Amino acid sequence: MSTPETTPDAAGQPAPSGDEALEWRRVHPVTPLVRGWAVVGAAVVILGQQSLEGGPRGGLIDLLTGDYWWTVLAALAAVALVGWGYSVLAWRMTTYAIGEEAVHLRRGILFRQQRHARLDRLQSVDIRQPLVARFFGLCELTLETAGGTDSGVAIGFLKGSDADALRAELLARAAGLKVARTSPSAPAAGTEGPPGPEGAPTSTAPEPAPVAVEAPQVPVLTVPVGRLIASVLRSGATIMLLLWALVVVVVMIATGEFAVLSASLPAVLGAGGYVFNRLTGEFDFRVAISPDGVRLRHGMLETRSQTIPPGRVQAVRLVQSVLWRGRDWWRVQVNVAGYGGDSEEKNSLLLPVGTRDEALTVLSLVLPDLGIEEPRRVLDAGLDGDSRAPSVFVTAPRRTRILDPVAWRRNGFAVTGRALLLRRGRLVKILDVVPHERTQSLGINQGPWQRRLGVASFQVHSTEGPVHPEAPHLDADDAARLMAEQARRARTARATAGPERWMERQGE
Amino acid sequence: MTSPFEPHDVTWNRVSPRLVTAMLVPAAIWLGVPAVVGVVLSLTLSPWFWILAGLPAALLLWSVLLIPRQVRAIGYAERDDDLLIRKGVLFRSLVVVPYGRMQYVDVEAGPLDRRLGLAKVQLHTASVGTDAVIPGLPPEEAARLRDRLASRGEARLAGL
């Protein structure tokens, strides 16, 4: 059982290429316990559903209250054992190593997978702590690369301090700083390994002298709990929930039927779940800045600590629904490559709710220089200005009011030295900011009505995420000119953009 | 007024007219079969089935009229630094893909395409929104375009 960590522990494992000797490490030995809970939780949920819907012979409730209640418990225990057994096997097979240029992860029981993520393509480093893991003080570290959905490398679970140290090391290496190896050549880890809990050198091995110091961070702002609750109360979901409750109560009083209540349960649960997720996910939201980029920390049950290095933000959206207008609150979302997909809602948020000043502060953290003289005036025009007020924004012509009677005055764009600003929407006001060097491709669309009016819609294609920058119904000439100039700007901006390794410029 | 779909410094390459056949055959199968079934049913069972026959038949007629125009509307152009693709008759679109943003290029050909001597080239950037597909290219042109795009992308290589 005390196999040296450095030898491949599965047959058919290719030796690590290159001449650097990788030190393979295991994740924390408590990991299977934490992961196994997911299986037990799923079993309990299925049982719950069965008992609600009425299983065989009068439902599980009868079974639970009858003589054979222990069979249910035994079944649950069996499921738990299988779940944990599988997790233990998976833990045995999961090893990771940090190389000079890349992170390596090996996992999988039947289908072995070896993933090799280049550090200079690193897009973000997140530390996630689910509720169960928190009891053990464990964290999961996720390193996102730009390979699309599920392209990241998740290393978990690790002890909190180890995760922090690993993040610091990864960021330092990705930044292009020369960092000493975390452990000095590790004299044959495991040769005289005691028969105790083998592996887990990360938690047991004494850390050598600090090799990569956590970059100092400066807190920028926190979102007060009261404001978060108020902002969720002023959201569409809450309004719908209240309206729905009102309708249900009215129908119940009118008909005297209580069946309406149970029939409306799924909808209420859905909306309630959304509100609950918003509240717990965005709870205690803190924004900080460090040389390694923007740091975000949030969550109540599951906490997330995100680090987005400089130049990784592909597009930013500032959005305000009509319900937030009275308070002038804004929400800031970002596109970061690798953040798209399932957890987009949780990841791609830079600020859940904030005043205009705070939102613009956060914007300036990720895009420090917009390349304009008076950024505030231009941004204000982008946030809630329209074509009646003179500004640098080129707006859609008056004839498009047939196509967009509500917001036609808002539709427009402004070009600055470093970014393209696209504004639209009146009930839901949106300002999208795309740095020129992050433009992927450009598109123009024109429907039959737009052709008659001589207008066209312009789009910037960004990476997967909540921000879809577009400027609807621009004058055809404006759209054509924007398309041509933007293609050129994207090209020249890319040539002068900062390096992928963000510290190299100052470091050398 | 200049049309945004006709940049002045661009000469468009057309795709092969054989693409009309390649698009009509599936349309004929998907719409023709229900139409024939509808005709048979209306003759044998009830005249109501003429509706079932008429709808696909009308759609098929529409496709026969539209597809040649659609194929003629597809154009692509290689500029020094980017590739332009336009398409659409009623709903027109134009996409500009800088070579440096290209992540990979796909060349695909289905059985019907191979038979007709056609291939489809698709460009992928880091954005899923990039809808840059050039259908109906002769295989040698597709290969040439692929190599050219790959080499140009390499020359302007950048991360994201």
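Tutor: We shall take the strands, the sheet, the domains, the chain contact and the annotated spans in turn. This is a predicted model, in which local features need pLDDT of at least 70, side-chain atom pairs count only at pLDDT 80 or more, and totals for chains, interfaces and linings use all residues. Residues are numbered from 1 along each chain as its sequence is written, while chains are lettered from A and ligands numbered from 1 in the order in which they are written.

Student: Why is strand β13 of chain A described as largely enclosed by the rest of the structure?

Tutor: A residue is buried if 20 or more other C-beta atoms lie within 10 Å of its own, exposed if 12 or fewer, and partly exposed in between, with C-beta atoms placed from the backbone. Helices (H or I, at least four residues) and strands (E, at least two) are DSSP runs, numbered from the N terminus. In β13(A), residues 329–336, eight of the eight residues are buried, so the strand is largely enclosed by the rest of the structure. A:Trp329, A:Arg331, A:Gln333 and A:Asn335 point one way, and A:Trp330, A:Val332, A:Val334 and A:Val336 the other way.

Student: Which strands pair with β13(A)?

Tutor: Two strands pair if DSSP finds at least two bridges between them. β13(A) pairs with strand β12 (residues 313–320) of chain A in the antiparallel sense over six bridges, and A:Val316 stands opposite A:Val334. Strand β14 (residues 349–355) of chain A also runs antiparallel to β13(A), joined by four bridges; here A:Thr355 stands opposite A:Trp329.

Student: In what order do the seven strands of the open sheet in chain A lie?

Tutor: The order is β7-β6-β5-β11-β10-β9-β8, with antiparallel pairing. Its edge strands, β7 (153–159) and β8 (218–222) of chain A, each pair on one side only. From one strand to the next the twist averages 20°. Four bridges link β8(A) with strand β9 (residues 286–290) of chain A, where A:Leu221 stands opposite A:Val287.

Student: Which helix packs on that sheet?

Tutor: Axes are lines fitted to C-alpha atoms, for helices over the stretch in contact, and angles run from 0 to 180 degrees between N-to-C directions. Two residues are in contact if their C-beta atoms, placed from the backbone, lie within 7 Å. Helix α12 (residues 356–366) of chain A touches β8, β9 and β10 (293–298) of chain A, and its direction makes about 145° with that of β8(A).

Student: How is chain A divided into domains?

Tutor: Domain bounds come from an automatic or database domain assignment. Chain A has domain 1 (224–281) and domain 2 (310–505), with C-alpha centres 33 Å apart. Seven residues of domain 1 are in contact with seven of domain 2.

Student: How many residues does each chain give to the contact between chains A and B?

Tutor: Chain A gives 30 residues and chain B gives 28 residues. On the side of chain A, α15(A) gives the most, with ten residues. Five bridges also join β19(A) to strand β4 (residues 92–98) of chain B, and the two run antiparallel; A:Gly443 has B:Val95 as its bridge partner.

Student: Which residues of chain B does the annotation "transmembrane region" cover?

Tutor: UniProt positions are given in the numbering used here, feature names are shortened, and annotations may be inferred rather than shown by experiment. The unreviewed UniProt entry places this annotation on residues 20–41 and 47–67 of chain B. Residues 20–41 are 100% helix and 0% strand, with end C-alpha atoms 31 Å apart. Residues 47–67 are 90% helix and 0% strand, and their end C-alpha atoms lie 31 Å apart.
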